[in-house]
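Open the model in your viewer and keep the sequence panel beside it. The stops below are meant to be followed in order, one selection at a time.

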Amino acid sequence: MRTQVAIVGAGPAGLLLSHLLHLNGIESIVLETRSRLDIEATIRAGVLEQGSMDILNDAGVGERMRKEGALHHGVEFAFGGRRHRIDLLELTGKAITVYPQHEVIIDLVAARLAAGGQILFETGEVALHNIDAQRDTERPAVSFVHQGEARRIEADFVIGCDGFHGVSRPAIPANLRQDFQRTYPFGWFGILVESAPSSDELIYAQHERGFALVSTRSPTVQRLYFQCDPKDHVDNWSDDRIWAELHARLEHDDGWKLNEGRIFQKGIIGMRSFVCAPMRHKRLFLAGDAAHIVPPTGAKGMNLAISDVKLLSQALERFYKQGSEDGLERYSDEALKRIWRAEYFSWWMTRMLHTFADASPFERQVQRAELENVVASRAMSTALAENYVGAF
Ligand code: RFL
Ligand code: PHB
């Protein structure tokens, strides 16, 4: 098989890139190890920045998001027995939309297939070849097994959108890339609940028992998280124990109550910060989680995946329309500027909101003072709001 751009991975990065390229008359094939059913049902992110919404709208895949997504003009921080609202719209002129990642995936798959796009699901043994091929002599290629048959795609470029555990990043020789990383000594226990929303806006809660987050998925399904031991197991957490923990961390004496409901999904996620630089090796480019990971506290992961592929699609468009490699040369440096700011913000939110078991009493007081500062100072609230909505 032959195509212009071979894309490994059908997450938000791979699918959106394929669609943006298609809109510019550039051909691509997407390979995905999982089934369509599986990628369309995996629960992950929920928050889209205004800029991500604009990109999805401009790409013609925003119709359901505009109808079903929930626009949030503010966000709340709870600590010390009180809740404080940060007015995102007033401080930045922008807002966020809560629209689940798997719905974005459903919209993108539908758009690709309606336009005749090729997504090969359930591919196995995916391997990259000739990514350092000289132009005009050899072509990069991806080999894989699909429906029991060994196949190979030759392309001008290979784009690794295969997430943190994919095969693309390791294809860059270790001596030519630098991995920056930090793991955190806690994870998030996430649940999906059948109930009405407890709050009109997201609540990020700092509590001595640990962080908790109230988010939403729809008027009838809510998404809640609480800080836990990353090595803990969901079986250790009965529904009663989960509710007791969430009530303890989220409720104060101001009368606000967390709605309970049937818990129909439980999971524990680890937390890490990670950046691979550069995000390119010859004719292989990385985008999204394949190149970087943020802890979910800043709600940035899916947004970074979207901004990476927007930049990369523009660079590829310049290459195919004007024969210029300038955009491709600059891709990694340009993407990394935004990525490092999001890494900083996600690390900062994580540090400010979680309970660190080894923190000294002094460090705990300073952590609380930082939160007090953020909600009391318009300048600090604005800095947080700008980062949260992605206003840069
Ligand atoms: P993905 O979504 O991981 O997609 C990669 C795809 O590649 C496939 N794959 C392969 N395909 C072919 N060959 C191989 N060898 C392959 N290896 C892997 C995989 O099956 C998969 O389908 O990466 P992408 O596209 O870069 O998208 C990144 C986002 O998924 C991720 O950053 C976000 O989900 C992070 N995140 C959040 N981001 C936000 O912007 N806002 C949020 O509110 C938010 N909340 C979250 C999150 C992530 C979470 N988890 C579970 C880690 C909340 C959670 C709980
Ligand atoms: C979510 O709804 O899954 C979500 C929201 C905000 C975050 C992380 C996850 O910071």
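**Before you start**

This is a predicted model, in which local features need pLDDT of at least 70 and side-chain atom pairs count only at pLDDT 80 or more, while totals for chains, interfaces and linings use all residues. Residues are numbered from 1 along each chain as its sequence is written, chains are lettered from A and ligands numbered from 1 in the order in which they are written, and side-chain values use heavy atoms, with hydrogens and water left out.

**Stop 1: the whole chain**

Show the chain as a cartoon. It holds eleven helices and 20 strands; helices (H or I, at least four residues) and strands (E, at least two) are DSSP runs, numbered from the N terminus. The chain is as compact as a globular protein of its length, because its radius of gyration is 22 Å, close to the 21 Å that the globule rule gives for 392 residues. That radius is taken over C-alpha atoms, and the rule is 2.2 Å times the number of residues to the power 0.38. Along its principal axes, the C-alpha trace spans about 70 × 40 × 40 Å.

**Stop 2**

**Stop 3**

Move to residues 74–79 (S5) and 82–87 (S6), which pair in the antiparallel sense over six bridges. Which residue of S6 is the bridge partner of Phe-77? Select His-84 to see it. Two residues lie between the strands of this hairpin, and Gly-80 in the turn has a positive phi of about 60°.

**Stop 3**

Strand S10, residues 141–146, is linked to S11 by six bridges; His-146 is opposite Glu-149 in S11.

**Stop 2: strand S13 and its partners**

Select residues 178–194 for S13 and 262–277 for S17: these strands pair in the antiparallel sense over 14 bridges. Thr-183 faces Arg-272 in S17. S13 also pairs with S16, antiparallel and over eight bridges. There, Gly-187 has Cys-228 as its bridge partner.

**Stop 3: ligand 2**

Show the residues around ligand 2; a residue is near a molecule if one of its heavy atoms lies within 4 Å of it. There are 14, and Tyr-204, Ser-215, Arg-217, Tyr-225 and Pro-296 come nearest. Strands S15 (212–216) and S16 (221–228) each supply at least two residues of this shell.

Now look for polar contacts, that is, pairs of N or O atoms within 3.5 Å.

| Select | Atom | Distance |
|---|---|---|
| Tyr-204 | side-chain N or O | 2.7 Å |
| Tyr-225 | polar side-chain atom | 2.6 Å |
| Pro-296 | backbone N or O | 2.8 Å |

The protein covers 96% of the 280 Å² of accessible area that ligand 2 has on its own; such areas come from the Shrake-Rupley method with a 1.4 Å probe.

**Stop 4: ligand 1**

How many residues surround ligand 1? There are 33, the closest being Glu-32, Ala-45, Gln-101, Asp-289 and Met-302. Helix H1 (12–23), S16 and helix H8 (301–322) each give at least two residues to the shell, and H8 gives the most, with four. Oxygen atoms of ligand 1 lie 2.9 Å from a polar side-chain atom of Arg-44, 3.3 Å from a polar backbone atom of Val-47 and 3.2 Å from a backbone N or O atom of Ala-299. Of the 1000 Å² of accessible area that ligand 1 has on its own, the protein covers 87%.

Methods: Two strands pair if DSSP finds at least two bridges between them. A polar contact is a pair of N or O atoms within 3.5 Å; within protein, one must be able to donate a hydrogen and the other to accept it, and residues adjacent in sequence count only if both atoms are side-chain atoms.
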